[in-house]
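Reader: I'm new to reading protein models. Could you walk me through one, feature by feature?

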Amino acid sequence: MIEIPSDLHKDVVPLAFLLGTWEGAGVYDFPGTEKCNFGQEIIFRHDGRPFLEFRSRTWVLNNEGEKLHPLETEHGFWRITSNQHGTSGEREIEVSSVRDDGTVEIWYGKLHDGKPQIDVATDAVARIEGAAPYSGGKRLYGMVNEELLWVGEKSAPEVPLRPYMSAQLKKVLNQAKLIQDIADLPDDGIAFFR
């Protein structure tokens, strides 16, 4: 079930399904780098203004699922730039983001009409001198069976656009909400199991 916070700006209500903390794992594979499994935490939050704030942290996992070292960190902002209220079909999405390697991206795309699926592609990419070669990308985000799935495609001057990263994430439960729900249980706790 998707909850819509009362203080969420009306222009980003269609993105409410993204709100919260998501955790899971995925696979990273791009020419010139070592293929690996990674863990990921994504946080989508809002402060009442007409955008969602996005933060993603990934780290390389060993075969036992233990964290070895950071892979990449990304921070950005998601906006709906047209048709915020769904009066004419698909909504246009704009994402601005920066990664820890010194890459800045502007993404444009769409939120599909009637389903929690977002497609975006880079419109502009800027890199600091030490950043890895990168010329653009595409991403697909979608909610499937209450999980957030995503796949990223990437291109570099020597590598055509290809899938390179994907993950399956589960929403982390809000501890404050769990405490509130527990308050409604019988005092002895046994009646719950009868």
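Predicted model: local features only at pLDDT ≥ 70, side-chain atom pairs only at ≥ 80, totals over all residues.

Reader: Okay! Which side chain does Asp 11 meet in a salt bridge?

Author: The general idea goes like this: side chains of opposite charge can pair when their charged atoms come close. The cut-off is a side-chain nitrogen of Lys or Arg within 4 Å of a carboxyl oxygen of Asp or Glu. Asp 11 meets Lys 10 that way, at 3.4 Å from N to O. Lys 10 is exposed, at 53% relative accessible area.

Reader: How many salt bridges are there by this rule?

Author: The count comes to 9. Take Arg 55 and Glu 41, whose side chains meet at 3.1 Å, N to O. Arg 55 lies in strand β3 (residues 52-61) and Glu 41 in strand β2 (residues 36-45), so this pair ties together parts that are 14 residues apart in sequence. Strands here are DSSP runs of E with at least two residues, numbered from the N terminus. Arg 55 is partly exposed at 32%, whereas Glu 41 counts as buried at 11% relative accessibility. Arg 57 joins in too: Glu 41, Arg 55 and Arg 57 are linked in a network of salt bridges.

Reader: And which residue does Glu 72 pair with in a salt bridge?

Author: Arg 99, at 3.8 Å from N to O. Glu 72 sits in strand β4 (residues 67-82) and Arg 99 in strand β5 (residues 91-99), so the pair ties together parts 27 residues apart in sequence. Glu 72 is buried at 13% relative accessibility, and Arg 99 is buried as well, at 6%.

Reader: Now the strands. In what sense do β6 and β7 pair?

Author: Two strands pair if DSSP finds at least two bridges between them. Strand β6 (residues 103-111) and strand β7 (residues 117-127) pair in the antiparallel sense, over 9 bridges. One place to look is Gln 117, whose bridge partner in β8 is Gly 142.

Reader: Last one: how many cavities of 30 Å³ or more does the structure hold?

Author: Rolling a probe the size of a water molecule over the atoms shows where empty space is left. On a 1 Å grid over the protein atoms alone, a cavity is a set of points where a 1.4 Å probe fits but cannot get out, and lining residues have an atom within 4 Å of a point. The structure holds 1 cavity of 30 Å³ or more. The largest cavity has a volume of about 70 Å³, a volume being the space filled by probe spheres set on the points.

Reader: Which strand gives the most to the lining of the largest cavity?

Author: That's β3, with 3 residues. The lining includes Phe 54, Glu 72, Tyr 141 and Trp 150.

Key: Residues numbered from 1 in each chain as written. Heavy atoms only, no water. Helix = DSSP H or I, 4+ residues; strand = E, 2+ residues; numbered from the N terminus. Buried < 20%, exposed > 50% of the residue type's maximum accessible area, 1.4 Å probe, protein only. 1 Å grid on protein atoms, 1.4 Å probe; cavity = no way out; pocket = protein on both sides within 12 Å on 5 of 7 lines; lining within 4 Å.
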